[in-house]
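I opened this model to look up a few things and kept notes as I went. The entries follow in the order I made them.

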Amino acid sequence: MNAPEKFLPEPGHYPDMPNGVYHSCAGVSKSGVMLINRSPAHFMASKQGPKKDPTPMMAMGSLIHTLALEPEKFTAEYIVAPEISRRSNAGKDAWNKFQEEAGDRQIISQEQLDEAHKAFAAIRTHQFAGPALSGGKAEQSYFWTDALSGALAKCRPDYVRELSAGHVLLDLKTTDDASPEAFSRACANFGYHVSAAMSMDGYEAVTGIRPLAYKFVVVERSAPYGIAVYEL
C-alpha cells in the first residue's frame, strides 16, 4: 500500500511507504517518546523547529543502511561527486551543472562510498550478520493505536524475518565501537531499548504476532569493520 504525502494514516501495515512519507506522517515514534520523557515542551518544540542536517556519522550510517538493506534504492538516493576543480570558471560551471543533475540525491565522495562498501562486505560475510539480514523484508512501516494512551504510534523496523520458529525484528546500527561495553552505553544513551519495545509492541498490535526476538546487527564504520549481533 502506498501512502500519499503527509496524511493521518489508519492503523495498519504499510509495506511500500517511502521513508520520507513515514517521517512526515502523524504518529508518535521512538524519538517522540524520548522527547516526551524529557519534557512535553521538548516534544512540542521538535514539531515546530527546523529539521537538523545529519552529522557525517549519521550520513555514513544511512549510506551503509541503504547498501545493506535497500540496494535497489541507491542510485535514486545517492550520487558520487566527480573530481572537479572549482578554482576556474569552467570548473564552477561544471560543478553547478552536476548539482542540477543530482537533484534531490545526496552527494557523496568516492571515498565515502568505498568505506561504506567495505562495511557492507563485512556484514555480508559475517557468519551471523549476513544470514540475519537476508530472506526478509526491509523498512516496513506499522501504525497502531496505543492501548494505554490512545495515541497513534508508529515504528519502522529495519528488517523483518518471518521464520518457522517465529518472527524476528532486526535493527542495523553503525558505531565506532561494537564491543558489548560500548554498545550497552549506546543503548542507554540513544534509547535503543525504547526502539525495541515500541517495534515489538507495534508489530504485535498490527499483525497479532508477538516477535520472537529483537536483534541488533552492529557494524563499525572504519577498519577493521568489527561486527556484533546482540539481542535485548
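Entry 1, salt bridges. I looked up Arg221 and found that it forms a salt bridge with Asp176, with 2.9 Å between the closest N and O atoms. Arg221 sits in the loop between β9 and β10, and Asp176 in the loop between β8 and α9 (180–190), so the pair ties together parts that are 45 residues apart in sequence. I note for the record that the model is predicted. The structure holds six salt bridges.

β9 and β10 form a hairpin, and six residues lie between the two strands. Pro224 is also in this loop between β9 and β10. The peptide bond that joins Ala223 and Pro224 is cis, with omega at about 5 degrees. Tyr225, in the turn, has a positive phi of about 55 degrees. I wrote down the background: most residues other than glycine have a negative phi, and most peptide bonds are trans.

Glu139 is not a glycine, yet its phi is positive, at about 55 degrees. I placed Glu139 in the loop between β4 and β5 (141–145).

In what order do the strands of the open sheet of five run? I read the order as β4-β7-β8-β9-β10, with mixed pairing. The edges are β4 (137–138) and β10 (227–231); each has a single partner strand, so one side of each is left without a neighbour in the sheet. Helix α4 (residues 56–69) packs on this sheet and touches β4, β7 (159–163), β8 and β9. The direction of α4 makes about 140 degrees with that of β8.

I then checked two of the strand pairs. β8 (residues 166–175) and β9 (residues 213–220) pair in the parallel sense over eight bridges. Thr175 has Glu220 in β9 as its bridge partner. β9 and β10 run antiparallel and are joined by five bridges. Here Val218 has Ala228 in β10 as its bridge partner.

I counted one cavity of 30 Å³ or more. The largest cavity has about 30 Å³ of space. Its lining is made of Ala59, Met60, Leu63, Gln106, Ile108 and Gln112. Which of them gives the most? I found that α4 does, with three residues. By class, the cavity lining has four nonpolar residues, two polar and no charged.

I noted about 250 Å³ of space in the second largest pocket. Its lining has 15 residues, and Val33, Asp146, Ser149, Ala153 and Met198 lie nearest the centre. At least two lining residues each come from α2 (30–38), β6 (152–155) and α10 (192–207). The largest share is from α10, which supplies four residues. How does the lining of this pocket divide by class? I recorded 11 nonpolar, two polar and two charged residues.

Key
Residues numbered from 1 in each chain as written. Predicted model: local features only at pLDDT ≥ 70, side-chain atom pairs only at ≥ 80, totals over all residues. Heavy atoms only, no water. 1 Å grid on protein atoms, 1.4 Å probe; cavity = no way out; pocket = protein on both sides within 12 Å on 5 of 7 lines; lining within 4 Å. Points joined across faces, edges and corners; volume = space filled by probe spheres on them. Nonpolar A, V, L, I, M, F, W, Y, C, P; charged D, E, K, R; others polar. Pairing = 2+ DSSP bridges. Contact = heavy atoms within 4.5 Å. Axes fitted to C-alpha atoms, helices over the stretch in contact; angles between N-to-C directions. Salt bridge = Lys/Arg side-chain N within 4 Å of Asp/Glu carboxyl O.
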